[in-house]
Amino acid sequence: MLFLVAALLLMGIALGTAAHLPLPVTLVAAAVIATWLLVFSVRERRNQAGGTPR
């Protein structure tokens with residue numbers, strides 16, 4: 001439950017910050033975050049599929 005509260009708090013801070021940034025800066029930050037999540041997802045799927053351990 002504490003993790004959920006912290007995640008929602010951080011999301012609110014990030015959305016509030018994004019509302020005050022210029023659109024190009026927000027889009028670049030979103031692209032960086034999306035890339036990071038994609039890499040994380042691929043690594044997790046590879047590890048669950050019995051790939052090479054870290």
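Ala, Val, Leu, Ile, Met, Phe, Trp, Tyr, Cys and Pro count as nonpolar, Asp, Glu, Lys and Arg as charged, and the others, including Gly, as polar. On that basis the lining of the largest pocket has six nonpolar residues, two polar and no charged. This is a predicted model, in which local features need pLDDT of at least 70 and side-chain atom pairs count only at pLDDT 80 or more, while totals for chains, interfaces and linings use all residues. Residues are numbered from 1 along each chain as its sequence is written, and side-chain values use heavy atoms, with hydrogens and water left out.

**Pocket**
- The lining of the largest pocket consists of Ala14, Thr17, Ala18, Leu21, Thr26, Ala29, Ala30 and Ile33.
- Both α1 (2-20) and α2 (23-48) supply at least two residues each to this lining; helices are DSSP runs of H or I with at least four residues, numbered from the N terminus.
- With four residues, α2 gives the most to the lining.

**Surface and single residues**
- Leu4 lies in helix α1.
- Leu4 counts as partly exposed because its relative accessibility is 46%, the class between buried (under 20%) and exposed (over 50%), with a 1.4 Å probe and protein chains only.
- Leu27 lies in helix α2.
- Leu27 has 52% relative accessibility and therefore counts as exposed.
- Between the C-alpha atoms of Leu27 and Gln48, which are 21 residues apart along the chain, the separation is 31 Å.

Definitions and conventions. 1 Å grid on protein atoms, 1.4 Å probe; cavity = no way out; pocket = protein on both sides within 12 Å on 5 of 7 lines; lining within 4 Å.
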